[in-house]
Amino acid sequence: MLVETGVDQCFIWVEGLDKRDTGQDTYEKITRFVKAVSDAGIDPHFYYADYFGTMLHHAGLSGVTYGTMWGEEGEETVEGTSGGGALSRYYVPQMKDFLKIPATVELQQLADAPMCDCRVCSNQFDSWIDLAEREEDDDENIQTPIKKHHLVTRYKQIREVEDQDLGETIDECREDFNEYVSPFNAANQISPSKKVDYLPIWVNAIENELN
Ligand SMILES: [Zn+2]
């Protein structure tokens with residue numbers, strides 16, 4: 001953990017955070033640390049784009065730096081293919097994670113979820129099937145709308161968490177997990193090695209440290 005301390009703010013960068021590997025104890029330590037820094041009158045900022053960083057608002061986090069250099073955007077939006085192209089990945093708000101488009105579509109259908117109502121998706125896509133077909137027809141032109149969907153969705157999530165108290169954020173995250181865990185495990189397009197444990201781990205860490 002590297003901390004650069006200025007007069008009244010600091011920027012926190014935790015190396016190697018990975019929602020597939022990082023355990024609850026690490027998230028608890030980060031939460032405690034952010035809270036201690038904030039309680040000491042220093043504004044902490046966090047270089048971590050994931051939703052966990054968003055939830056740290058409740059520990060006193062001032063801002064999460066997200067963008068092309070940090071986490072989500074750079075590493076997670078595209079996945080290399082054997083043909084040398086890039087597979088598009090869609091940010092699934094309920095999972096707080098990216099999935100490949102066919103996996104997204106299958107999951108959202110299994111969960112019986114309506115099409116995303118963000119301003120980008122509602123302009124571009126009629127349905128989940130439409131999203132899947134558009135990717136098949138033209139996988140290059142799908143990149144821009146799904147990147148914009150990610151940005152507007154994350155912006156909305158950040159504003160929502162800022163307007164909620166801790167209990168509401170925890171309850172919503174638990175509800176999303178409870179609603180999606182079965183469809184997630186049932187979806188054929190999602191690799192069995194891909195796990196969704198990170199959601200309860202984040203919530204438990206935040207709840208243990210802040211409640
Ligand atoms: Zn959308």
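Q: Which exposed residues does the face of H7 turned away from its buried side carry?
A: This is a predicted model, in which local features need pLDDT of at least 70 and side-chain atom pairs count only at pLDDT 80 or more, while totals for chains, interfaces and linings use all residues. Residues are numbered from 1 along each chain as its sequence is written. On the face of H7 turned away from the buried side, the exposed residues are Thr144, Tyr155, Arg159, Glu162 and Asp163.

Q: Around what arc do the buried residues of H7 lie?
A: The buried residues of H7 are Ile146, His149, His150, Arg154 and Val161. The arc is that of the directions from the helix axis to the C-beta atoms. These residues are on the same side of H7, because the arc they cover is only 125 degrees.

Q: How far apart are the end C-alpha atoms of helix H1?
A: Helices (H or I, at least four residues) and strands (E, at least two) are DSSP runs, numbered from the N terminus. The expected span is 1.5 Å times one less than the number of residues. For the 16 residues of H1 (residues 24-39) this gives 22 Å, and the separation of the end C-alpha atoms agrees, at 22 Å.

Q: Which elements are included in what covers the buried residues of H1?
A: Tyr27, Ile30, Thr31, Val34 and Val37 are buried in H1. They fall within an arc of 130 degrees seen down the axis, so they line one face of the helix. Asp25 and Asp39 are exposed on the other side of H1. The cover over the buried residues includes strand S2 (9-13), strand S3 (43-46), helix H2 (51-55) and H9.

Q: What is the handedness of the crossover from S2 through H1 to S3?
A: S2 and S3 pair (DSSP finds at least two bridges between them), here in the parallel sense over four bridges. Gln9 has Asp43 in S3 as its bridge partner. A crossover is right-handed if, with the strands pointing away from the viewer, the path from the first strand over the helix to the second runs clockwise. This β-α-β crossover is right-handed.

Note on methods
A residue is buried if 20 or more other C-beta atoms lie within 10 Å of its own, exposed if 12 or fewer, and partly exposed in between; C-beta atoms are placed from the backbone. Two residues are in contact if their C-beta atoms, placed from the backbone, lie within 7 Å.
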